[in-house]
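Let's take a walk through this protein together.

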Amino acid sequence: MIVFVRASCFGARHTQKMSTLEELKKYARERYIPVMSDATKQLLYDTVAERQPERILEIGTAIGYSGIVMLSAASEATLNTIELSEQAANRARANFAEFGLDGRVNIFVGDAREIVPLLTGKYDFIFMDGPKGQYETFFPYLTELLTVGGTLVCDNVLYKGLVEHIPDDKRHKHITVARNMRAFLDDITADKRYRTTLHRVGDGVTVSTKIS
Ligand SMILES: C[S@@+](CC[C@H](N)C(=O)[O-])C[C@H]1O[C@@H](n2cnc3c(N)ncnc32)[C@H](O)[C@@H]1O
């Protein structure tokens, strides 16, 4: 199904259709909309394809690129995804429809810090790719929502290389995020409820299986 969507919500004046992931990525990159690197996309696709989850939760929809990747890898899966920006969520909604996936997706528009604590039910796959300074805040909630045997994938855990080399300069723009991410990475790798692998692809990705 090809649906024509107005691209004006991201500044373009013309309507535009995007029927492949490559076109979607190009669209995003031309507008400085963050989407995952190709290596991260491949890792995410392979992980979902191998584990075949049924219920996926995502924090950080952007324009739906990673959501489309995940749903393409698991034909039985549905996705609940959270996005702060209404503009991005509208674009994602159109993109999911264009890829014929709209019947398998719910987009929650709002601040994940408010929405995540309200979520109920269980998920067997969670992709955390939202606000980079908040992973530690979400972690207990996500652990509660994730089934035993389920998978938690977190992007950007090396955060621009700063997590392993935190700058001395306290005024450094990204220092708080880097410190928070470092605390999260230390916690999840030490957490006995998870078996975690750190992949040095893209901006750093952890793949954690909840084992108890
Ligand atoms: C790295 S992008 C997500 C990219 C997307 N997962 C992909 O690869 O296609 C992070 C997204 O999180 C959203 N975001 C930032 N803070 C948020 C918050 N507090 N609650 C929900 N979404 C948030 C941003 O608007 C942005 O679209």
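Helices α2 and α3 cross in a right-handed way. In this predicted model, α2 covers residues 38-51 and α3 covers residues 65-73. Two packed helices are described by the angle between their axes and the distance between the axes. Here the angle is about 35 degrees, and the axes are 8 Å apart. Which residues of α2 meet α3? They are Lys41, Leu44, Tyr45, Val48 and Ala49, and on the α3 side you'll find Ser66, Val69, Met70 and Ala73. An α-helix has 3.6 residues a turn, so residues three or four places apart point the same way.

The mean pLDDT of the chain is 90, and 92% of its residues reach 70 or more. Residues 1-15 have a pLDDT below 50, though this stretch has 27 contacts in the model beyond near neighbours in sequence. Where pLDDT is low, the predicted coordinates should not be read in detail.

Now find the sheet. It is an open one made of seven strands, in the order β5-β4-β3-β6-β7-β9-β8, with mixed pairing. At its edges stand β5 (105-109) and β8 (194-199); each has a single partner strand, so one side of each has no neighbour in the sheet. From one strand to the next, the twist averages 15 degrees.

Zoom in on β6 (residues 123-128) and β7 (residues 146-155), which run parallel and are joined by five bridges. Look for Phe125, which stands opposite Thr151 in β7. Helix α6 (residues 135-145) packs on the sheet, where it touches β3 (55-59), β6 and β7. The direction of α6 makes about 170 degrees with that of β6.

Next, slide over to β8 and β9, which pair in the antiparallel sense over six bridges. Helix α7 (residues 175-190) lies across β8 and β9 (205-210), at about 130 degrees to β8.

In the loop between β7 and α7 sits Val163. Is Val163 buried or exposed? It has 23 other C-beta atoms within 10 Å, and 20 or more count as buried, so Val163 is buried. Apart from its neighbours within four places in sequence, Val163 is in contact with Val157, Leu158, Ala178, Met181, Arg182 and Leu185.

Helix α4 (residues 86-98) lets you do a quick sum check. At 1.5 Å a residue, its 13 residues should span 18 Å, and its end C-alpha atoms are 18 Å apart, which agrees. Just after α4, Gly100 has a positive phi of about 75 degrees.

Finally, here's a backbone detail. Most residues other than glycine have a negative phi, and most peptide bonds are trans. Tyr32 is not a glycine, yet its phi is positive, at about 55 degrees. You'll find Tyr32 in the loop between α1 (21-30) and α2, and it is exposed, with 7 other C-beta atoms within 10 Å. Gln52 is not a glycine either, and it has a positive phi of about 45 degrees. Gln52 lies in the loop between α2 and β3 and is partly exposed, with 13 other C-beta atoms within 10 Å.

Key:
Residues numbered from 1 in each chain as written. Predicted model: local features only at pLDDT ≥ 70, side-chain atom pairs only at ≥ 80, totals over all residues. pLDDT = per-residue confidence, 0-100. Contact = placed C-beta atoms within 7 Å. Pairing = 2+ DSSP bridges. Helix = DSSP H or I, 4+ residues; strand = E, 2+ residues; numbered from the N terminus. Axes fitted to C-alpha atoms, helices over the stretch in contact; angles between N-to-C directions. Expected span 1.5 Å × (residues − 1). Left-handed = near helix turned anticlockwise from the far one by under 90°. Buried ≥ 20, exposed ≤ 12 C-beta atoms within 10 Å, placed from the backbone.
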